[in-house]
Amino acid sequence: MRDEIMWGRYIARRIGQGVIVLWAAYTISFLILYLLPGDAATLFAGGGDQEAVDPELVAQLRSELGLDRPLWEQYLVALGKALTGDFGVSTQTGRPASDLLLESLPPTLALTAFAFVLSVVFGIVLALSASLARAQWLRNLLSSLPPLGVSIPVFWIGLLLLQAFSFRLRLFPSMGNEGFESLVLPAITIAIPSGAFIAQLLSRSLRSTLAQPYVEIVRAKGASERRVQLGHAFRNAAIPSLTMVGVLIGGLLSGAVVTETVFSRLGIGRLVVTAVNNRDVPVVQAVVVFAALVFVVANLVVDLVYPLIDRRITLARTAFVAA
Amino acid sequence: MSFTRPRTAALAAIGVVALTLTACATGAGDPAPTASAEAEPVTGGNLTFAISVDSQCIDPQQVGNNDAIAIARQTVASLTIQDPETGEILPWLASDFEVNDDATSFTFTLQDGPAYADGEPIDAASVKTNFEAIQALGAKATLGSSYLADLESIDVVDDQTVTINFSEPNAQFLQATSTFTLGLLSPATAAVSQADRCLGNFVGSGPFSVQSYTPNEGAVLERREGYEWGPSTAGHTGEAYLDTITYKVVPESGNRTGSLQSGQIDATTGIATADAVLFEGDDFWSLNRANPGSVYNLYANQSTEKLADENVRLAIQKGIDREQITATLLGPDDLPAVSPLASSTPYFTDLSDVLEYDPEAAADLLEESGWTEGDDGIREKDGEKLSFHVTYWQSPKEVLELVQQQLRQIGVDLQLTFASIADVTAANADGTYDFSYGNLTRADPDVLRTVFSVDGTNNATKRTEPAEIDELLDEQAAIIDPAERQKVVDEAAELLITGGYSIPIYQLSTTITAASKVQGLTFEASSRLDFYDAWIAE
């Protein structure tokens with residue numbers, strides 16, 4: 001009974017925190033876009049391409065877009081609508097921002113889902129082989145890959161893959177969203193740093209798990225090293241890595257922004273780059289809130305599932321940590 | 001990263017295989033793409049063209065970005081056409097046109113026969129509908145609205161005759177009628193919402209129609225059947241040759257280069273100068289043309305005390321070595337400015353005799369104004385440094401860095417901030433700059449009025465008091481006779497230089513880079529792409 005009440009409070013508090021995160025993301029992105037020089041009207045009238053900017057036309061546009069109203073008024077009106085899921089109309093295209101977001105969602109989901117699977121496979125294989133490798137030099141080599149992987153710029157990986165597998169070997173298209181082939185190189189591009197990140201986490205976790213006393217007991221019972229690592233240590237080492245899912249998702253999403261540009265793919269990344277360049281506040285806000293929502297939900301799910309997977313973690317302790 | 005590229009015949013053959021891999025390419029059969037320029041054009045095929053940016057709109061009456069224009073231009077025919085060679089305005093949809101003496105009234109007689117893609121005739125009433133729709137678009141039609149400024153009335157005289165009246169002399173309007181932005185759309189389009197028109201929901205009058213457009217991905221245009229009113233400047237009349245043109249948005253420069261090399265696209269204008277060498281040889285060709293209009297200029301904000309001094313502006317103008325800039329930083333086709341106007345602009349005259357690199361004269365001018373060299377080599381007066389600030393986004397960014405070094409030699413400190421287009425547009429709109437930097441594409445000398453006039457749309461020099469130059473700029477706008485207009489444009493251009501209003505640097509140019517199987521792809525008078533004569537050699 002007492003447990004159930006605590007559980008309920010815990011969930012309520014976590015959801016409350018999530019709402020605050022969403023509001024903060026919305027407000028901060030609004031302020032940042034406002035503080036940057038230039039607004040949608042100036043950019044629209046300027047055309048961005050050496051064309052004239054007529055102050056009268058800009059003023060007219062500004063009033064049409066509601067940009068001449070006081071900041072607080074713009075903010076409150078936009079926030080009020082956002083609460084109902086209405087992020088307003090894109091200043092650049094005149095279409096509802098939520099429509100643009102929904103249209104861009106499927107290609108990015110396909111890309112990040114594929115990249116996620118690749119990252120996990122890549123990360124686990126790398127961490128385990130670094131841990132299991134017999135030769136010291138090989139262990140050292142494999143252990144040095146994750147720090148390298150997380151530090152290479154994504155666009156550079158993308159261009160290297162393009163150069164090798166599209167321009168030279170001509171195995172995959174260099175651009176577009178058509179078919180599975182167009183997904184391969186972009187997904188690998190994102191999976192290299194994300195997989196390296198997973199490998200780093202797992203390796204660290206594996207090392208500390210292997211140092212624990214119970215491992216010695218398992219070894220003493222005559223289990224093979226392979227069995228010790230795969231059957232016992234890995235399972236326990238993997239659990240702490242779960243908490244980093246939020247960071248991983250962040251990596252996947254920010255990887256998508258760069259990758260979609262390098263590979264000329266449609267998706268949320270391209271949408272947000274274009275929107276930021278055009279100071280298209282409604283679209284940027286819709287994307288920011290969406291991304292924040294993904295983080296909040298992912299972390300909430302992890303926090304709720306975590307105690308169920310690992311019985312040793314009591315609710316009280318989790319709640320304490322979360323607070 | 002750099003490309004090392006063994007380009008052999010065998011690889012060229014693989015290129016054809018790669019072509020068939022891409023979903024958009026139609027079956028290309030010939031492994032040796034070496035069709036000669038004299039070959040007979042063939043009908044059919046698809047041309048895949050990469051653009052660098054997507055401005056989220058392809059409606060010809062709304063767009064202003066060169067990449068969007070590369071799409072939009074093909075969908076509309078115009079009242080007139082400008083000869084890219086001579087700059088002369090010739091008949092197109094209008095078989096005849098007349099301008100009154102003070103350039104306030106323009107009468108067009110339309111050809112009998114041409115129709116919009118929905119079958120509606122291209123008549124006088126539809127011209128009126130078009131121009132009124134552009135006015136209604138207001139700021140959403142940046143270029144069109146500025147061309148139609150001071151429009152007073154449009155009279156439909158009869159089905160084939162329309163007269164457009166302005167309240168002020170407006171000689172540029174005739175050239176404006178040749179541009180894509182005043183290209184004609186079916187009257188039904190005027191009722192379509194601005195946003196839907198951007199997405200390609202418009203009915204045009206040109207050789208191609210929109211088949212599809214996906215923002216950030218690209219567009220597909222298809223040949224319009226029954227199009228028989230190609231302009232006299234084109235290589236042929238009748239329908240276009242290509243079945244389709246596929247435009248792909250490829251923002252990454254390295255991707256454009258590699259995709260063109262590997263045959264995944266057929267042509268582009270977006271190859272970086274440094275990559276141009278990769279396309280020398282038989283498998284590719286390139287074509288360059290200066291963009292007409294105002295060249296890249298440093299526009300001095302004359303509302304600031306230091307730059308109100310003509311000596312200071314002239315010193316900076318004389319302290320810039322334009323030859324060194326083009327020779328060291330740019331491609332072989334990029335030329336130093338020799339006038340405020342680019343050499344491809346009608347009424348251009350070479351003013352290199354008054355626009356000289358002369359650092360000694362520059363130093364003398366600054367001494368004369370009391371700017372003496374300080375300990376650090378930067379000149380100062382009354383404790384103030386001769387230091388300026390410019391924010392810019394244009395590439396290559398090394399150009400202004402070299403200008404900075406050159407100006408330092410005459411004791412002028414130029415501080416540079418490389419920023420986003422958004423930041424620069426904002427700074428220019430606010431007038432919070434010492435210098436702004438940029439060019440403006442327009443195949444009419446009236447562009448000088450837009451940029452430099454005290455009442456100009458840009459008024460980039462931020463002057464407040466009209467001067468002699470403003471009289472000249474207004475005067476040329478009212479002259480229809482070419483010889484007379486030439487005289488006044490020359491006077492204005494020379495005064496812009498000698499009065500230190502214009503600090504020109506170099507001419508922007510556009511380069512088409514294409515696979516050798518692409519034929520007939522060329523520039524119209526404003527150095528924008530024209531696909532009407534283009535065809536694919538088998």
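**Close-up views of a predicted model**

**View 1. Val156(B) stands opposite Val162(B) in β7(B).** Strand β7 (residues 161-166) of chain B runs antiparallel to β6(B), and six bridges join the two. Two strands pair if DSSP finds at least two bridges between them. Helices (H or I, at least four residues) and strands (E, at least two) are DSSP runs, numbered from the N terminus. The model is predicted: local features need pLDDT of at least 70, side-chain atom pairs count only at pLDDT 80 or more, and totals for chains, interfaces and linings use all residues. Residues are numbered from 1 along each chain as its sequence is written, chains are lettered from A, and side-chain values use heavy atoms, without hydrogens and water.

**View 2. An open sheet in chain B has four strands in the order β4-β5-β7-β6, with antiparallel pairing.** Because β4 (94-99) and β6 (151-158) of chain B stand at the edges with a single partner strand each, one side of each has no neighbour in the sheet. From one strand to the next, the twist averages 15°.

**View 3. Helix α3 (residues 124-137) of chain B lies across β5 (105-110), β6 and β7 of chain B.** Its direction is at about 165° to β6(B); axes are lines fitted to C-alpha atoms, for helices over the stretch in contact, and angles run from 0 to 180 degrees between N-to-C directions.

**View 4. Leu128(A) is part of helix α5 (residues 97-132) of chain A.** Leu128(A) counts as buried because its relative accessibility is 12% (buried means under 20% relative accessible area, exposed over 50%, partly exposed in between; 1.4 Å probe, protein chains only). Beyond its neighbours within four places in sequence, Leu128(A) is in contact (heavy atoms within 4.5 Å) with Leu206(A), Leu230(A) and Phe234(A).
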